[in-house]
Amino acid sequence: MFQLDSKSRKSIYEQVVDNIKEMILSKVLRADEKLPSVRDLSGTLTINPNTVQKAYKELERLGYVYSMTGLGTFVSKIEEGQIDEVLLLNGKQQMKNSIRELYYAGLRRDEIMDIIQEILDTRERGGAK
Amino acid sequence: MITVKNVSKSFEGFMALSDLEMNVKKGSIYGLVGTNGAGKTTVIKHIAGVYKENQGLIQIEGEPVYDNSFIKERIGYVPDDLYFFGSYSLKEMGRFYKGIYPNWSQERFDAMVARFGLNPNQKLTRFSKGMQKQATFILTMSTRPDYLILDEPIDGLDPIIRKLVWKYIVDDVAEREMTVLVSSHNLREMENICDAIGIISGGKMVIERDLDELRSDIHKVQLAFSDKEKAEGELESLNILHREHRGSVELLIIRNRKDEVEALMEKVKPVIFDMLPLTLEEIFIYELGGADDEIQGIIF
């Protein structure tokens, strides 16, 4: 389903949550699709089933999945435009760091704005196909 | 549920364990780590019912372990120092286990022997060291234990076999809520598989925590300020465990929640701010390397 990075400083728990979140947001996993059982996922990745269980619970708390007793865990319908607070916060933080570096590099405000504009333009053109 | 309460043990005047406390939850994979000679094997031998404590209490599901065959037949113990009857083959040893352990599964034994690719008719003493360890693991897992106790089980096994061993373990934890207690020096592997960690030193428990909790409140932070004097005062509110200067960059090990640190940094506005969670290896060295700056200087 996905690979874990054993060299990452992120814990296995965080990696499982993030990977599944990404698969749901990128629609690799579709609404109402069943996630592998705790046993299957812990077996394939050779990780602690308690960690998988905890990750599934967190995903449920965040609204990405829902569980049905005895049947398993399923992908929730993610509404268009629904914004993930954590993702937003992390994105902002990363942008802040990048912008700071551009300032150090000696760029002015309007030059940085141009760069951002350019990135957005390229992205929207790419997404329109 | 394994409970170790105020346990002390001395060998000819040497205190191997002193007032040790330890709690392993049912269905958990608990990693026991510590420096050489910290007492890991001694605790494990108490929990497996090999040693009797001088003082304190060792219980599994509320019952004392020592001399308790009802509990002991539900424990699977793979010791660090293996011992085999001289002339027994793996197959004969299986038959011996079958007579002792009521939950013995012949089907599983046969399947595992084939999977690990061991010759069941060869004498165990003629196996290599790594193969003997695999043989013991197969025998132990075939008793379908409720409590699996492993003393440095993976050290000395090749990566393919290690993966296979862990796979059998996680399957049993998922399927039957087997409880696992494992000691090892391979901290990266422990970090990836355990959900709870106990760090012992000098026969005492230093830290016993849920692994994710342990890692979420201790961080390595790199900082640099344009106005150092001003920032200095603000930093005092942090719980700083270790601090060193590398040129104009400050390296701190702090025990605070991530959001607390971030909120403070929002205020002091460092020009460099980089925060990483500590790995288990770093926590281990920090906690047990003591105040030895030379050791810590190498690591962080």
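**Before you start**

Residues are numbered from 1 along each chain as its sequence is written, and chains are lettered from A, with ligands numbered from 1, in the order in which they are written. Because the model is predicted, local features need pLDDT of at least 70 and side-chain atom pairs count only at pLDDT 80 or more, while totals for chains, interfaces and linings use all residues; side-chain values use heavy atoms, with hydrogens and water left out.

**Stop 1: chain B as a whole**

Chain B has 12 helices and 14 strands. Here helices (H or I, at least four residues) and strands (E, at least two) are DSSP runs, numbered from the N terminus. The C-alpha trace of chain B spans about 75 × 40 × 35 Å along its principal axes. Of the 300 residues in chain B, 51% are buried. Buried means under 20% relative accessible area, exposed means over 50%, and partly exposed is in between (1.4 Å probe, protein chains only). Among contacts in chain B between residues at least 6 apart in sequence, 67% join residues at least 24 apart; a contact means heavy atoms within 4.5 Å.

**Stop 2: helix 1 of chain A**

Now select residues 12-25 of chain A, which form helix 1.

Next, colour the buried residues of helix 1: A:Ile12, A:Tyr13, A:Gln15, A:Val16, A:Val17, A:Ile20, A:Lys21, A:Met23 and A:Ile24. An α-helix has 3.6 residues a turn, so residues three or four places apart point the same way. What do the buried residues of helix 1 pack against? In chain A, their partners are helix 2 (38-45), helix 3 (49-61), strand 1 (65-68) and strand 2 (72-75). From chain B, helix 7 (187-193) and helix 8 (211-216) join in.

Step just past the end of helix 1 to find A:Lys27, with a positive phi of about 65 degrees. Then move to A:Asp32, in the loop between helix 1 and helix 2 of chain A. A:Asp32 is not a glycine, yet it has a positive phi of about 70 degrees. At 41% relative accessibility, A:Asp32 is partly exposed.

**Stop 3: where the chains meet**

Show both chains together. On the chain B side, 28 residues are in contact with 19 residues of chain A. About 1900 Å² is buried between the two chains, and carbon and sulfur atoms give 44% of that area. Buried area is the accessible area (1.4 Å probe) that two parts lose on being put together, summed over both. Which residues of chain B lose the most area to chain A? Select B:Val170, B:Asn192 and B:Asp212, which together account for 24% of what that side buries.

The rule finds 4 salt bridges across this interface, each a side-chain nitrogen of Lys or Arg within 4 Å of a carboxyl oxygen of Asp or Glu. Zoom in on B:Asp212 and A:Lys54, whose side chains meet in a salt bridge (2.8 Å, N to O). Helix 6 (159-176), helix 7, helix 8 and strand 14 (272-277) of chain B each give two or more residues to the side that touches chain A. Helix 6 gives the most, with 8 residues.

**Stop 4**

Is B:Asp172 buried or exposed? It is buried, with a relative accessible area of 2%. Polar contacts join its side chain to those of B:Arg108 at 2.9 Å and B:Arg176 at 2.8 Å. A polar contact is a pair of N or O atoms within 3.5 Å; within protein, one must be able to donate a hydrogen and the other to accept it, and residues adjacent in sequence count only if both atoms are side-chain atoms.

Now go to B:Asp146, in the loop between helix 5 (129-141) and strand 7 (147-151) of chain B. B:Asp146 is partly exposed, with a relative accessible area of 22%. Its side chain makes a polar contact with the side chain of B:Arg74 (2.7 Å).

**Last stop: B:Glu152**

Finish at B:Glu152, in the loop between strand 7 and helix 6 of chain B. B:Glu152 has a positive phi of about 45 degrees although it is not a glycine, and it is buried, with a relative accessible area of 16%.

Key. Expected span 1.5 Å × (residues − 1).
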